[in-house]
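Let's take a walk through this pair of chains together.

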Amino acid sequence: MSIAKLEAKTRAFVNFFAAIGTLEKFVELDEKAKAVAKQQNIIVRFNVKDGPDGLLIFNDGAISTLPFDGRKVDIHLYCNSPEKFNDVIDDKAMPIPLKGIFKTLKFMGKPETPFMVLTKEMSSILRDGKRLDGTPEQELCTKLSFYAMAAALAQIGNNDRIGKLAGARIHDGEISMEIKDLEATTIIANGGKLTTKMRKSENPRSFMIFDSIETAGQLIRGEIDAMSCLSSGKLVMKGFIPMLEDLNKILNIVPKYLS
Amino acid sequence: MAIEKTAKKETYKYIQSQKTMERASKVVPCGVYGHLGPAEGCMIPTSAYPFFLSRAKGSEMWDADGNRFIDYMCGYGPNVLGYCDPEVDEAANKQMTLGNCTTLPNTIMVDFAELLTDTVRKDWAFFAKNGGDVTQLSIMVARAHTGKKKIIFVNGYYHGVAPWTQKPDSPGVLPEDCRNSIYVNFNDLDQLTKVISEQKDKIACFIATPYMHGNFKDNVLPEDGYWAGVRKLCTENNIVLIIDDIRAGFRLNLHGSDAHYGFEADLICFCKAIANGYNVSALCGKNFLKPSVSSIMYTGSYWMSAVPFAAGLVNIKKLIDADACTYFKKMGTRLTDGLTKIAATKKVNLSISGEPAMFYLMIKDDNSLLLHQEWIAECVKRGVFITNHHNHFINLSLTEELVDETLVICDEAMDVMVKNHPEVYN
């Protein structure tokens, strides 16, 4: 596979599991978003040839994304390439509905559908929240960016040409990524494959802990570097460090896909 | 033990160190970059460690806050006689008055080359400054001599930080930098035989440390017959056998670690302990490689500076006179035997591996190493400077009294760790 094709494939996985996937935390962290999500209960399959095949589930105000597991869906959307799916995410194309054509219109056919409202609103927060120093919007932006970063790490570690080298080396076990006393997510390594669970690890083998939302925000926005934060104690790494050393190599690649 | 066990009321604080780190972070990448810095995974948690020293002497050092430590890192190896050894420093100071970095090399370079080659039983010595300078040169010599490209590495290796020593996912490294790398497992002659049979016309060299003194895992000594087998395979297939003795050199055997394990390397790289902290490294080799190394344009502004040669001359003579490696083994054994006993009484599964002169520690009661990191942190905060996941070093100034004091502190620190974890140690 050419480098361009591989990058498009990786971007498609990141777009589904990190960009769309972060809706899960958006509706948890924002009451208004939760109310919007509550308007629709639906199971949608995004099926991308040579790319992700996943489920997006709206259920009573909660949202989740997961790999397609064979269950019955309300809508089955198909894209014939990762590039096409990436265009869908960039609002430049529509997927092909293989099932549920009318439900598709209600799901993403108009700007006021819950899915479209939520994705637009979250994009706006992620884009504009960075600049709103010290505001709740910036805090929400940081939290969502934190989860998007964690979700992207696994996809990049599984798919990117360079990311795969580091991902395959990560020892089995759970890496706990935390904003101290605030947010937590888990990267799970198993047999060289990575998954992200947007919940605190119950059995972590290694830890990457930001001391505050401010530090997490500054790091995510690229205003400070991780190594300096380690020196100053703003970022704590402990446990089985080789897992984190390899994870950091993937972390270096995240901005390429999540900028 | 010579020193009674007494509990310390307070552990160390690092106010000046942290203030200095704040200043450093503004003007130096990472504050302190590289292996001396807290970002490299050997100082966990960073809050348990000082970042800056005010002075060091013998086996002890005092940080920016005045806290005293018994130091088992020895500058990560260079401190082999003891910090600020008076005879070495006197020779260096005297040479400084005669000239250091000069237009032509001082004759003392030849004196040092003669002593070094005689000591390590090689035919020539090429001087540079850091370990990476000479591992890089060793690869170039191997390629120049054989006309072949590929390098065999042993998994878990460390040979410096140049791109060819890294993995292609490291920042700043290209996949092309690693295209000629082959990776094999230590102590696996069958695998090495297979790799060589498949690619012998492409393989320029085999580079390895004399034993595996890597991080985050038990250190591994060579099995019987391993090095003899490697030597034979290299000789039969026109592959240059390079020993990276930068860390272990002058700690196991003054003739070189190849001599220690009963074989002869074609090229051997020295640095850390060669001049007791004065900056010089050396690639030493056999005569058949002298034309190749001579053909390579390889130089640096300070590589023939005279002061480190003066220091190195005294350093090596003192190591020989003191039968230093025997002493390192004896003191390393005294310390590790003591630690083993302490751990056993508390039912802590402490693994001690590697050579006694460069012992490696790891508590294996959890797979996250958190218990180990907690114990080490408690040791450091009480005045024993050891790191979480790196081998340690014995130096010639370390006394039995200091070792025994170390054991008292490590014992107390382990008590603290054990008491904090009744769920593990009940």
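## A loop in chain A

Start with D50(A), which you'll find in the loop between β1 (42-48) and β2 (53-59) of chain A. Keep in mind that you're looking at a predicted model.

Now move on to a sheet in chain A. It is an open one, built from five strands in the order β8-β7-β6-β9-β10, and the pairing is mixed. Which strands stand at the edges? Those are β8 and β10 (235-239) of chain A; each has a single partner strand, so one side of each is left without a neighbour in the sheet. On average, neighbouring strands of this sheet are turned by 15° against each other, if you ignore direction.

Let's zoom in on the pairs. Strand β6 (residues 173-179) of chain A runs antiparallel to β7(A), and seven bridges join them. One spot to look at is I175(A), whose bridge partner in β7(A) is I187(A).

Over in chain B, you'll see an open sheet of seven strands. Read across it and the order is β4-β10-β9-β8-β7-β5-β6, with mixed pairing. Why is one side of β4 (124-128) and of β6 (181-184) of chain B left without a neighbour in the sheet? Both strands stand at the edges and each has a single partner strand, so there is no neighbour on one side. Neighbouring strands in this sheet are turned by 20° against each other on average, direction ignored.

Helix α5 (residues 189-199) of chain B packs on this sheet, where it touches β5 (150-154), β6 and β7 (203-208) of chain B. The direction of α5 makes about 155° with that of β6(B). Within the sheet, β8 (residues 240-244) and β9 (residues 267-270) of chain B run parallel, joined by three bridges. Look for I243(B), which stands opposite I268(B) in β9(B).

## A cis bond in chain B

The peptide bond joining I44(B) and P45(B) is cis, with omega about -10°. P45(B) has its place in the loop between α1 (15-27) and β1 (53-57) of chain B.

## Where the chains meet

How many residues does each chain bring to the contact? Chain B gives 21 residues and chain A gives 22 residues. About 1800 Å² is buried between chain B and chain A, and carbon and sulfur atoms give 61% of that area.

Between the chains there are two salt bridges. One of them is between D169(B) and K249(A), with the closest N and O atoms 3.9 Å apart. On the side of chain B that touches chain A, the residues split by class into 12 nonpolar, six polar and three charged. There are also six residue pairs in polar contact between chain B and chain A, with both residues at pLDDT 80 or more.

Technical notes:
Residues are numbered from 1 along each chain as its sequence is written. Chains are lettered from A and ligands numbered from 1 in the order in which they are written. This is a predicted model: local features need pLDDT of at least 70, side-chain atom pairs count only at pLDDT 80 or more; totals for chains, interfaces and linings use all residues. Side-chain values use heavy atoms; hydrogens and water are left out. Contact means heavy atoms within 4.5 Å. Buried area is the accessible area (1.4 Å probe) that two parts lose on being put together, summed over both. A salt bridge is a side-chain nitrogen of Lys or Arg within 4 Å of a carboxyl oxygen of Asp or Glu. A polar contact is a pair of N or O atoms within 3.5 Å; within protein, one must be able to donate a hydrogen and the other to accept it, and residues adjacent in sequence count only if both atoms are side-chain atoms. Ala, Val, Leu, Ile, Met, Phe, Trp, Tyr, Cys and Pro count as nonpolar, Asp, Glu, Lys and Arg as charged, and the others, Gly among them, as polar. Two strands pair if DSSP finds at least two bridges between them. Helices (H or I, at least four residues) and strands (E, at least two) are DSSP runs, numbered from the N terminus. Axes are lines fitted to C-alpha atoms, for helices over the stretch in contact, and angles run from 0 to 180 degrees between N-to-C directions.
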